Amino acid sequence: MGSRAGGVDACRFDRLLGEARRLGSAGRHEPALRAVDLALAQWRSDALAGVVDSADMRSTVTELTERRLAAIELRADLLLTLGRAGEALPELAQHCTAHPFRETLAARRITALAAAGRKSEAFDVYRHTAELVRRELGAESGPALQAALTSIDAGAAVESDHPPHPTPAGPRQIEPDSQLIQQDSARSVLESAVGSPESSAGAPLARGRGVPRRWTSFVDRGHDLDQLTRTLRDSALVTLTGTGGVGKTRLATELAAVQSDWPDGCVFADLAGIAPQREDDASTPTAVPAVLLSALGIGGSSDDADWRAVLHRSVGHGRMLVILDNCEHVIDAAAELAAFLLCHFPLLTVLATSREPLGVDGENLYPVRALAVPEPGASVEVAAEAAAVQLFVDRARAVRPDFRLTDSECADIVSIVCCLDGLPLAIELAAARLHALPVRHLADRLPHRFRLLDSLGRNVSARHRTLHAVVSWSWNLLTGAEVELARRLAVFADGATLDAILAVCGGEDTADTLTALVAKSLVEFDGARYRMVETIRAYAASELDAAGESRRLADAHADHFLALVRDAAPRLLDARQQQATRLLTIEHANCLAALEWAVRTGDGECAVGLYGGLIWHWLLCGLRGEALAWQPRVLALFGAGPPPGRAADFLAVRYAHQLPAYHEPLWWGQIPDRSGEFDELVRTAMGESRPPHPIFVLLLALRDRHRGAGELLNQCLTADDTWLRGNALVLRALDEIGGDTESFERCVADLEAAISMLESLGEPRGVSRALLHLAHHRIESAGLAAGAPLIARAAELLTPGLGAEEVVGVLRRAAQLHLRENDVDGGAAYLASARRWVDTQVPDGTAQWLRVAEADLALRQGEPGTAIELYGRLFGDDGPLRGADRSPAAALATDEILGRTHYAIALVGTGRIGVATRQLEIARDLAATAAPRLLPVVAVGCALAALAIGAPEPAARLLGAIDQVTGRITNGNPGPDVRQAYALARKAMGQQRFLSALNEGRRTPCDQVSVLFEQALYQRAVS
């Protein structure tokens, strides 16, 4: 501090700042600017940064900072005077952020922005600063800030007695007003702003003018109300967009009724009564502000200059909410009015409702969505939580006070609200019909919705009185090109991609026209797909019929989706499976619409092609019901056989629905065809340019092998097709497995090779199937520890999009493999996961076999009574299979054999030997024909039955025989049931007798083992 005054930064700063002021007063603005720049250059950081804090130091810092801000403001004034306001903006923005309550600094920034032609930003800064001062300091804005605002309005009056109209540029982009500020006079206004200026504008008029009365309850829009309120706090213009009848006006009305953020109230201007604007009509631009003036309670001329002047006098600096309702038919005039209000009344907030955006700078869009609808088949409890159902019930009570949601009517109500896409107005119109129609009849008649939903009430505007009127109002505002594309979009079910629309609808500038339809709320866009709500689509379909284009568009639509299905189907067999599944799931409604059209018009080639590709998606995703429903309709298009060159598709239509789920094994008797048609079709398709699905080739190879011809299976094992080769290895492994060690090793080697091959292909279902088979054999030879990791890998391959049938099947098999080794916890965990997937889409057979697995769990948990009850539901006491396919062709022979054997073991534990014997007989016979490798499992059940009635010797001989065949007891992993049988026989006979009988059984020739079965089952000491 002892340095010379001229050598201290603060002193140099003060000297240069004084010089700048002197030069500026003399009108020498350029030298003054250079001086102030030199003064500010003395600042390298904040004042006294890093100096020890104290009260004295804080006072000094405050004083120095104030002098620096004064220099910054002087620099801004000089740049403004020199016509270089833009150069001041970065520095002003930085320091306004650091000092948000310094109004003189904000005032300079406002004036500089306006001088730079950025008037809307200037008003944003004013609005933000004034709101911050009010909210944080509880004070109104001071004289400097008011002067900056007044200078802009004064500039507007100086430039022209008639403020310029905003002019559309592109899609109604409103041009900013011309530069309205004379820079020298603006500077003098700022410098002289030391007192409170008197505003020439009048005070705001009245609160809550013109807000419609609400006649009904407000259902489930609380979140929208809160979110909209928050949006309006941060934006001066918000437009509620959405299709007609979605509830835009009602949301705005509710907001007006509960608003508290605007102390000067709300004014509601309903523009619906104005005739739609036409190019040759000059009245619309003044009719729109006239409605606002009327809502404000102001009369006067509709002259263009008058309404602007009246608004200036009447609104002034009022802080109010202006609602412009129903703007779409006067969109340009509404946009012009909104732009004028934003420019001249910065404390106003504008909320517009429109089926398309206003296209004004600074506009924020708030899309109003339809109400949430429940899934089809939802319970009463779930449906009651859906907003669309709540609205329906509420409005139904207006005509039937005793109406309530019941189990008997729930499905129909859900169908109604889903069919109407959750559109509030449509739901209200539907509910109003309940005064004369039962719910069921209303649901049945909704396909004729435009005739049915025809009257809501006499006090409702004509365009909202019928569903047809709602859509017509929007439709009549479209251009010719928009009408043409909109009606053509009706051909798509549940939306389409841009590529699909271009391919099917054609036309010039389709993408631009589509964008316009989205903007006008006729079409919804989610970032990937374009979709019409079903009500608008139904209207568009009638227009398509009237234009005579329906057939041409439907043909083009069917051709496009036939190509899509044919392209996607092969990808279901490799690493692209999940991608293809997702695509076909998304486009499923379109594919079914194309199939319906092909069937209805007798286009057999298209129908068989669509079915022949879709069937593989249906089987993968658990949609067998679709296959069963469509198959007879497609087959009815043909006579004795397939069209030329279409044997592969026809084969899929004829037989694919009989194939097993992906997790189940394939066997030679899968297709119960004795006529030779199946074999002939496969061989024919193999000779055509479009080959059959490889699973049919594998099945034919198994059938040939069963008849003693193995050539085709050998060809599959060496084929170029990796999927075919890998799955052929799996089938050979299962077909050749016997009880000897050599066949076991060959089986395991084939399965390991298949897994490696299918993993390289990336097809998850084939890998999962092979893993489960390998896990089974690993467990048999080395116990659960050897198989559990394989089971876990198979479960990890369950991907999103798979049908519940496949998921439940894999998890059930995983559980049963654990339970066979008495791993109760592991089995219970997999079964719990499987049970969560069971829904209305799961076939009865899948659910029934899951109950068998749950019975296995109860048996292992020591609850034979529960197990017997669950087994009995499927197998019954007398043996016949109830409620599921009895034939091995269901590919569930393994499950039935194991289930009946475990059922018999449970029955033996409760002394019901006769019923147990009958179950074992069925299991033995089924294993002998369909799965010989499971005969040892049945033999263990027979041994336990014999032991239970006091016949240990036949039991021991049978145990020895199966040990000789399988080697599992002495060399492998015997499992809990075998261990139990050994222990009981040893206890009943003593060690010597037991070993003697066991060895006797081991010496029994293989062709005599069946005799031991008979002895164990029927040579009993007790009847």
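Modeller: Happy to! Cys505 is buried, at a relative accessible area of 4%, where buried means under 20% relative accessible area, exposed over 50% and partly exposed in between, using a 1.4 Å probe and protein chains only. Cys621 is buried too, with a relative accessible area of 11%. The structure holds 0 disulfides, a disulfide being a pair of cysteine sulfur atoms within 2.5 Å.

A word on the source: this is a predicted model, in which local features need pLDDT of at least 70 and side-chain atom pairs count only at pLDDT 80 or more, while totals for chains, interfaces and linings use all residues. Residues are numbered from 1 along each chain as its sequence is written, and side-chain values use heavy atoms, with hydrogens and water left out.

Now to a pair of helices, H22 (residues 480-488) and H24 (residues 510-519); helices are DSSP runs of H or I with at least four residues, strands are E runs of at least two, and both are numbered from the N terminus. Their axes come within 9 Å and cross at roughly 90°; axes are lines fitted to C-alpha atoms, for helices over the stretch in contact, and angles run from 0 to 180 degrees between N-to-C directions. H22 is therefore roughly perpendicular to H24, the class for 65 to 115 degrees (under 35 is roughly parallel, over 145 roughly antiparallel, the rest oblique). On the H22 side, Ala481, Glu482, Leu485 and Ala486 meet Thr510, Thr513, Leu514, Ala516 and Leu517 of H24, contact meaning heavy atoms within 4.5 Å. This contact of H22 with H24 has 6 nonpolar, 2 polar and 1 charged residues; Ala, Val, Leu, Ile, Met, Phe, Trp, Tyr, Cys and Pro count as nonpolar, Asp, Glu, Lys and Arg as charged, and the others, Gly among them, as polar.

Another residue worth a visit is Thr241, in strand S1 (residues 237-241). Thr241 counts as buried because its relative accessibility is 10%. Leaving aside residues up to four places away in sequence, Thr241 touches Lys248, Ser354, Glu356, Pro357, Leu365, Tyr366, Pro367, Val368 and Ser521.

Stepping back to the whole protein chain, there are 50 helices and 7 strands. Of its 1023 residues, 54% count as buried. Among contacts in the chain with a separation of 6 or more, 70% come from residues 24 or more positions apart.
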